[in-house]
Amino acid sequence: MYTAKAYICLLTMTACAAAGCGEPEGGPRFAVRDSAGIEIVESRPPSGDAATTWRVDEAPLLEIGLEDGPAEYQFS
């Protein structure tokens, strides 16, 4: 039969595995719903302070083409 140490080890491993199965802080980060047979997945914004929130910078990192100038350099 099993010893007391084996039971304690099994119980500890089960508790550790169950502890990692919970929802992330603040609940699930996405929601799935059905609309007339079409699955829709919506991502929820992360909870946190402004330092961890994603933002779009006002200055672009990449510009393709010109607004004014020679036609061969305008993107259309």
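Student: Where does A36 lie?

Tutor: A36 lies in the loop between β1 (30-35) and β2. Strands here are DSSP runs of E with at least two residues, helices are runs of H or I with at least four, and both are numbered from the N terminus. Residues are numbered from 1 along each chain as its sequence is written. Also, this is a predicted model: local features need pLDDT of at least 70, side-chain atom pairs count only at pLDDT 80 or more, totals for chains, interfaces and linings use all residues, and side-chain values use heavy atoms, with hydrogens and water left out.

Student: OK, and what's phi of A36 near?

Tutor: Near 55 degrees, a positive value in a residue other than glycine. The hairpin of β1 and β2 has two residues between the strands, and A36 with its positive phi belongs to that hairpin.

Student: Is A36 buried or exposed?

Tutor: A36 is exposed, at a relative accessible area of 81%. The cut-offs are under 20% for buried, over 50% for exposed, and partly exposed in between (1.4 Å probe, protein chains only).

Student: In what sense do β1 and β2 pair?

Tutor: Antiparallel, over six bridges. Two strands count as paired if DSSP finds at least two bridges between them.

Student: Which side chain meets R33 in a salt bridge?

Tutor: The side chain of E42 does, at 3.3 Å, N to O. The rule asks for a side-chain nitrogen of Lys or Arg within 4 Å of a carboxyl oxygen of Asp or Glu.

Student: How many salt bridges does that rule give?

Tutor: The count comes to one salt bridge.

Student: And why do E42 and R33 count as partly exposed?

Tutor: E42 counts as partly exposed because its relative accessibility is 39%. R33 gets that label because its value is 43%.

Student: Moving along the strand, what about V32 in β1?

Tutor: V32 lies in strand β1 and counts as partly exposed at 47% relative accessibility. Leaving aside neighbours within four places in sequence, V32 is in contact with E39, I40 and V41. The C-alpha atoms of V32 and E42 are separated by 6.4 Å, with the two residues 10 apart along the chain.

Student: V41 again, then. Which residues does V41 touch?

Tutor: V41 touches F30, A31 and V32, not counting residues up to four places away in sequence. V41 and A31 are 10 residues apart in sequence and 5.7 Å apart in space, C-alpha to C-alpha. V41 lies in strand β2 and is exposed, with a relative accessible area of 52%.

Student: How many of the six residues of β2 are buried?

Tutor: Zero, so β2 lies largely in the open.

Student: New topic: which residues make the nonpolar surface patch?

Tutor: L61, L62, I64 and F75 make it, and it covers about 580 Å². Patches are made of residues with over 30% relative accessible area and no salt bridge, where like charges are joined within 9 Å and nonpolar side chains (Val, Leu, Ile, Met, Phe, Trp, Tyr) within 5 Å. F75 lies in the segment after β2 (38-43) and is exposed, at 66% relative accessible area.

Student: Zooming out, in what order do the elements run from the N terminus on?

Tutor: They run α-β-β, with one helix and two strands in the protein.

Student: Last one: where is confidence lowest and where is it highest?

Tutor: Confidence is lowest in helix α1 (residues 4-19), at a mean of 69, and highest in β2, at 88. The score is pLDDT, the predictor's confidence in each residue, from 0 to 100. For the protein, the mean pLDDT is 74, and 66% of the residues reach 70 or more.

Key:
Areas by Shrake-Rupley, 256 points an atom, 1.4 Å probe, with all protein chains shown as cover. Contact = heavy atoms within 4.5 Å.
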